[in-house]
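User: I would like to learn how to read charged side chains in a protein model. Could you take me through it step by step?

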Amino acid sequence: MKRFLTLIDGFNAGVGKVTAFILIPTLICICFEVISRYVFILPTVWASELMIYFCAILYILGAAWTLQVGRHVKIDMVYGRVSPRGQRTLDICTFPFFALYMGLLIWVGFEFARESVLLRETSGTPWDPPIYPIKAIFVVGAVMLLLQGVAKLIRDIHFVLTGKEI
């Protein structure tokens, strides 16, 4: 079991760390667009659109790593007032909702991605880049997040039962 958890953690952390470097071209696109738009009064379509695609990649491929390091949003008014065992119990109780949401997201996302790949879908803007790779990446990221959620569930159950971390 430990190998399974280590494999999921290692893969998601590696993808997350590599994906973090997309922040650099994202910032370059933002700076370019701001300078182009507000200094030279020459806005571009491509920089703005590319920035959106980069942000989408950052968001979806970084989500599993974010869950792994415990940085997803929680309701601290409740969560912060209970013991670590209570927190893990709350996480176990909410996992079915997470799993249902992720299952639907993967299913619907896969359908959208499949159709987009078959059509070789593009954005439809004057720049017109392909968007099917982003839709496919979305499904991959959602699967990664679900796997990380399962790894967290296993750790949470073990902690609640034994009081020890895996």
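**Reading a charged network**

Analyst: Let us begin with Asp156, which counts as buried because its relative accessibility is 2%; buried means under 20% relative accessible area, exposed over 50%, and partly exposed in between, using a 1.4 Å probe and protein chains only. Please keep in mind that this is a predicted model, in which local features need pLDDT of at least 70 and side-chain atom pairs count only at pLDDT 80 or more, while totals for chains, interfaces and linings use all residues. Residues are numbered from 1 along each chain as its sequence is written, and side-chain values use heavy atoms, with hydrogens and water left out.

User: In which helix is Asp156 found, and with which residues is Asp156 in contact, leaving aside its neighbours within four places in sequence?

Analyst: Helices are DSSP runs of H or I with at least four residues, numbered from the N terminus, and Asp156 lies in helix 6 (residues 132-162). Contact means heavy atoms within 4.5 Å, and, with neighbours within four places in sequence set aside, Asp156 touches Arg88, Asp91 and Ile92.

User: How many salt bridges are there, and which residues are linked with Asp156 in a network?

Analyst: Side chains of opposite charge can pair when their charged atoms come close. A salt bridge is a side-chain nitrogen of Lys or Arg within 4 Å of a carboxyl oxygen of Asp or Glu, and by this rule the count is 8. A network of salt bridges links Asp156 with Arg88, Asp91, Lys152 and Glu165.

User: Where in the chain are Glu165 and Arg88, and is Arg88 buried or exposed?

Analyst: Glu165 and Arg88 form a salt bridge whose closest N and O atoms are 2.7 Å apart. This pair links distant parts of the chain, since Glu165 is in the segment after helix 6 and Arg88 is in helix 5 (residues 84-119), 77 residues apart. Arg88 is buried, with a relative accessible area of 16%, whereas Glu165 counts as partly exposed at 49%.

User: Which parts of the chain do Lys152 and Asp91 link?

Analyst: The side chains of Lys152 and Asp91 meet in a salt bridge at 2.7 Å, N to O, and the pair joins helix 6, which holds Lys152, to helix 5, which holds Asp91, across 61 residues. Lys152 counts as partly exposed because its relative accessibility is 24%, while Asp91, at 14%, counts as buried.

Definitions and conventions:
Helix = DSSP H or I, 4+ residues; strand = E, 2+ residues; numbered from the N terminus.
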